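Reader: Hi! I'm new to this one, could you walk me through it?

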Amino acid sequence: MSDHDITQTGPLAPEDVTADSPFTLPGFFDALGDGRLLAGRCTDCGTHLVPPRPACYECGSRAVTIEEQPRTGEVVSYTAVHRPPSPFSDLAPVTVAVVELDSGARLTGRVTAPVEEVEIGSSVAWRARDPDEVGIDPSAHLPYEEDWPVHEFELTR
Ligand SMILES: [Zn+2]
């Protein structure tokens with residue numbers, strides 16, 4: 001076996017995109033459940049793709065590699081959602097932020113802190129949790145989503 005693993009670096013042939021491929025949502029969530037956040041990185045234009053996609057949505061290139069993402073980053077935008085989608089209604093108001101990870105990849109998610117405690121530039125770290133631990137209504141999931149973990153951000157200072 002060579003050190004060039006086509007299933008991790010693209011371009012992909014259709015037969016490479018199996019359910020456990022990191023380029024699919026099930027593969028992405030499997031890794032997240034193991035505590036690994038995967039992004040695609042376009043080697044032509046540098047765009048991060050979270051979750052990974054087999055082709056870059058900025059430039060259309062299929063030269064996409066999988067990169068494990070760091071756990072920490074900072075808030076670049078945030079808001080409070082007072083009437084979130086029904087699965088999250090027990091958690092309202094929900095603080096939602098766009099976070100730029102230390103890699104430069106951007107990811108949107110819930111912050112486990114009141115909006116008053118969050119600022120642009122706040123340091124956060126993500127973690128993956130089971131949906132039922134978080135308080136999300138389990139009946140809102142499609143059957144195949146039930147075991148998919150959710151990510152959330154915690155303030156680290
Ligand atoms: Zn690109």
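Author: Happy to. One term to begin with: a residue is buried if 20 or more other C-beta atoms lie within 10 Å of its own, exposed if 12 or fewer, and partly exposed in between, with C-beta atoms placed from the backbone. The model is predicted, so local features need pLDDT of at least 70 and side-chain atom pairs count only at pLDDT 80 or more, while totals for chains, interfaces and linings use all residues. Residues are numbered from 1 along each chain as its sequence is written.

Reader: Thanks! Is D147 buried or partly exposed, and why?

Author: D147 counts as partly exposed because it has 13 C-beta neighbours inside 10 Å.

Reader: And where does D147 lie?

Author: D147 is in the loop between α3 (131-134) and β8 (150-155). Helices (H or I, at least four residues) and strands (E, at least two) are DSSP runs, numbered from the N terminus. From D147 to D132 is 15 residues in sequence and 9.6 Å in space, C-alpha to C-alpha.

Reader: New topic: which strands does β5 pair with?

Author: Strands pair if DSSP finds at least two bridges between them. β5 pairs with β4 (residues 72-81) in the antiparallel sense over eight bridges, and with β6 (residues 106-111), also antiparallel, over six bridges. T95 is the bridge partner of A80, and V99 stands opposite L107 in β6.

Reader: Which residues are on the covered face of β5?

Author: T95, A97, V99 and L101 are on the covered face of β5 (residues 94-101), with V94, V96, V98 and E100 on the uncovered one. In a regular strand, side chains alternate between the two faces of the sheet.
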